[in-house]
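Please consult the sequence and structure shown below while reading.

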Amino acid sequence: MIANKTLLQRKFARIISIFANKASISYEEALGKFYDSKTFTLINEGIADMHCMSDDYLAEELMMEYGFKLVPNSTTPLV
């Protein structure tokens with residue numbers, strides 16, 4: 001499914017803001033990490049309908065991707 005690009009941009013802004021707050025990093029750093037992430041690629045390409053997931057869930061995915069949070073049932077970050 002292909003999402004509306006304007007709606008995706010607004011979703012990206014919300015995800016970045018949540019990620020910055022949860023990771024205690026600047027918005028600018030979160031912005032850079034987001035656009036370089038696997039999570040962004042999956043959302044942007046419409047893979048597995050990731051754009052349908054909640055903003056909080058996707059921010060948590062970024063937390064795990066960048067090692068700010070452990071992967072469930074694991075002792076190592078997902079990096």
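A residue counts as buried when its relative accessible area is under 20%, as exposed when that area is over 50%, and as partly exposed in between. The model discussed here is predicted. At 35% relative accessibility, Phe68 therefore counts as partly exposed, whereas Phe19, at 0%, counts as buried.

**Packing of helices α1 and α2**

- Helix α1 spans residues 5-23 and helix α2 spans residues 27-35; their axes lie 9 Å apart, at an angle of about 120°.
- The two helices, α1 and α2, are therefore oblique to each other.
- The crossing of α1 past α2 is right-handed.
- Residues of α1 in the contact include Phe12, Ile16 and Phe19, while those of α2 include Ala30, Leu31 and Phe34.
- Sorted by class, the residues in the contact of α1 with α2 are 11 nonpolar, 2 polar and 1 charged.

**Aromatic pairs**

- The whole structure contains 8 aromatic pairs.
- One of them joins Phe12 and Phe34, whose ring centres are 5.2 Å apart; their planes stand at 55°, so the pair is tilted.
- Phe12 belongs to helix α1 and Phe34 to helix α2, 22 residues apart in the chain.
- Both Phe12 and Phe34 are buried.
- The rings of Phe19 and Phe68 have centres 5.9 Å apart and planes at 75°, so this pair is edge-to-face.
- Phe19 lies in helix α1 and Phe68 in the segment after α4 (55-65), so that the pair links parts of the chain 49 residues apart.
- Ring pairs also connect Phe12, Phe34, Tyr35 and Phe40 into a cluster.

Terms used. Residues numbered from 1 in each chain as written. Predicted model: local features only at pLDDT ≥ 70, side-chain atom pairs only at ≥ 80, totals over all residues. Heavy atoms only, no water. Axes fitted to C-alpha atoms, helices over the stretch in contact; angles between N-to-C directions. Helix = DSSP H or I, 4+ residues; strand = E, 2+ residues; numbered from the N terminus. Parallel < 35°, antiparallel > 145°, perpendicular 65-115°, else oblique. Left-handed = near helix turned anticlockwise from the far one by under 90°. Contact = heavy atoms within 4.5 Å. Nonpolar A, V, L, I, M, F, W, Y, C, P; charged D, E, K, R; others polar. Phe/Tyr/Trp six-rings, centres within 6.5 Å; stacked < 30°, edge-to-face > 60°. Buried < 20%, exposed > 50% of the residue type's maximum accessible area, 1.4 Å probe, protein only.
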